[in-house]
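Visitor: Hi, I'm new to this one. Could you show it to me and walk me through a few spots?
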Amino acid sequence: MIVNVLTANAVDLQQLLEEKKTTSAHIVEDYLAQIHRYESTLNALISPAPRDQVLEIARARDEERQKGQIRGPFHGIPIILKDSFVTASELGMSTTAGSYAFIGAKASKNGAITQRLIDAGMVILGKANMTEFAGMKLTMMMPGWSAHGGQTLSPYVGKIEDNEKILGHSAPGGSSTGSAVAVAAGFSPLAMATETIGSIVTPSTRAGLYALKPTIGAQDTTGLYTMTEFFDSPGPMAKSAADVRVLSEILLDRLFTSPKLGSWEGLSVGFLDPNIWTLSEDLCTQPEGTAEQMVDEYEETVSALRSGGCKLKYPIHCKDPSVLPATILPIAYWDFRNLCIPRFIRSFHECSVTSVADIVEFNEKNSDKALPAPFVKQNDLQGAMAATEEKEQIDELKQSLRSAARAILDDLFDKEEINILAAPGDSPLCVHASAAGYPVATVPIGQLRYNGRPFGLCLVARADEEETLLRFMAVYEKVAKPRPVPNSE
């Protein structure tokens, strides 16, 4: 049985496996064939798994299934990991965070989340390209570009327009671009991503996906490159709400089996004004009709949800992120240099760099590969290296920012009597969520007539309220238009 890789969901594939209508090996072959057809065009993968090795793993999962040894709800299902998730060298894939400085680094064991997925019976098809160091290299670097992996392209749009802005409509958006493109293009039914601020939200909405960034700190990030400890959280991307729910259960070791899963009961959503909550001209130029279309379809979505029984308020007002303390960059620089890069380097038993200073020096010595035009600078790496704040100062900045963001969101949740706050995916709501440490989800709305790129909603709930977001996603999927599928020509 041949899988339609552009539309197949992991939950449906699992059903086919349980009914013995296919095997994991056959499923993996179908996805590998799609990767072979389109990877050279889209550049979504930085390190594909060796074909023979990954098929051997899939056959091993099939043998376990025949013996009744089911490891988890996605036993034998393929997944792609962002190149920030450390994989043991024996699996045949590198882990570089997109940087030439980490090519050749060797890890003797998998990162905690990588191992959790393997223990659940999942099959890793490859590592997804990403914005190098999740953006902590060069300010205004095009999302989805790394020196090691090149530029990832949208399967809906293709070539990035000349002189495109960082979040323009042809830009694939966010550091987890490779993960989002891999799922949308049919390279895998599922992918793992990470988000600092917007790195799951932006690429998933631009790939027509359902996705979740869980509460910051809810997962063990040992063996995972993160830019910061304060803002970052890993999460799943998929083509359906059910897939996100099941993968979230694996990741968070929690069952989301509320009897209200398929209903609006207990959910109350506040929708922000899309005319206000949008991207600035500095980040995204709006060709004629694009802004108007996104507002129209946002409001159509609100009307459809209201008609479908969702308790909601529209529009509600929320303070802009500009009112938050201007501490994002110093926090990011400090965490990156003092916590995250040292922790990432410790994931390897062989690694040619030992610090941010080593990385900067490596890039300068190997500038033809590590600093190619037009991305010839590394000002953020140098900024992190030059930062002088002490830990106590940074701890105060973190506390101040988290308190301010939570005060804004909690006041809104309480005053408006809502448990979800919604805005366009193309908006700065993810800044509030990351500063507060709250979980964020995305759902698709539609596609731009201008160039076919998808757009969607960003949804925020309070800390540890992933189930609230997953419940919304499940009911939303029944009411909303089908997610957009790339043209397979």
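Predicted model: local features only at pLDDT ≥ 70, side-chain atom pairs only at ≥ 80, totals over all residues.

Visitor: Okay, is Glu417 buried or exposed?
Guide: Glu417 is exposed, because its relative accessible area is 57% and the cut-off for exposed is over 50%.

Visitor: And what about the phi of Glu417?
Guide: Phi is positive there, about 55°, even though Glu417 is not a glycine. Ala97 also has a positive phi, near 55°, and is a residue other than glycine.

Visitor: Where is Ala97 found?
Guide: Look in the loop between strand E2 (78-82) and helix H4 (112-119). Ala97 is buried, with a relative accessible area of 0%.

Visitor: Let's switch to helices. How many residues of helix H14 are buried?
Guide: For H14, residues 429-436, the count is 8 of 8, so the helix is mostly covered. Among them are Leu429, Cys430, Val431 and His432.

Visitor: What follows H14?
Guide: Gly437 does, and its phi is positive, near 80°.

Visitor: Which peptide bonds are cis?
Guide: One joins Tyr314 and Pro315, with omega about -10°. Another runs from Ala373 to Pro374, with omega near 5°.

Visitor: Where are those prolines placed?
Guide: Pro315 is in strand E10 (residues 311-316). Pro374 is in the loop between helix H11 (367-370) and helix H12 (379-386).

Visitor: New topic: charges. Which residues form the negative surface patch?
Guide: That patch is made by Glu288, Glu292, Asp296, Glu299 and Glu300. Glu288 lies in the loop between strand E9 (268-272) and helix H8 (290-307), and at 82% relative accessibility it counts as exposed.

Visitor: Last one: what does the UniProt annotation cover?
Guide: The unreviewed UniProt entry gives "domain: Amidase" for residues 27-470. In the model, that span is 36% helix and 15% strand, and its end C-alpha atoms lie 26 Å apart.

Terms used: Residues numbered from 1 in each chain as written. Heavy atoms only, no water. Patch = residues over 30% accessible without salt bridge, like charges linked within 9 Å, V, L, I, M, F, W, Y side chains within 5 Å. Areas by Shrake-Rupley, 256 points an atom, 1.4 Å probe, with all protein chains shown as cover. Salt bridge = Lys/Arg side-chain N within 4 Å of Asp/Glu carboxyl O. Lys, Arg positive; Asp, Glu negative; His and termini not counted. Charge placed at Lys NZ, Arg CZ, Asp CG, Glu CD. Helix = DSSP H or I, 4+ residues; strand = E, 2+ residues; numbered from the N terminus. Buried < 20%, exposed > 50% of the residue type's maximum accessible area, 1.4 Å probe, protein only. UniProt positions renumbered as here; feature names shortened; annotations may be inferred.
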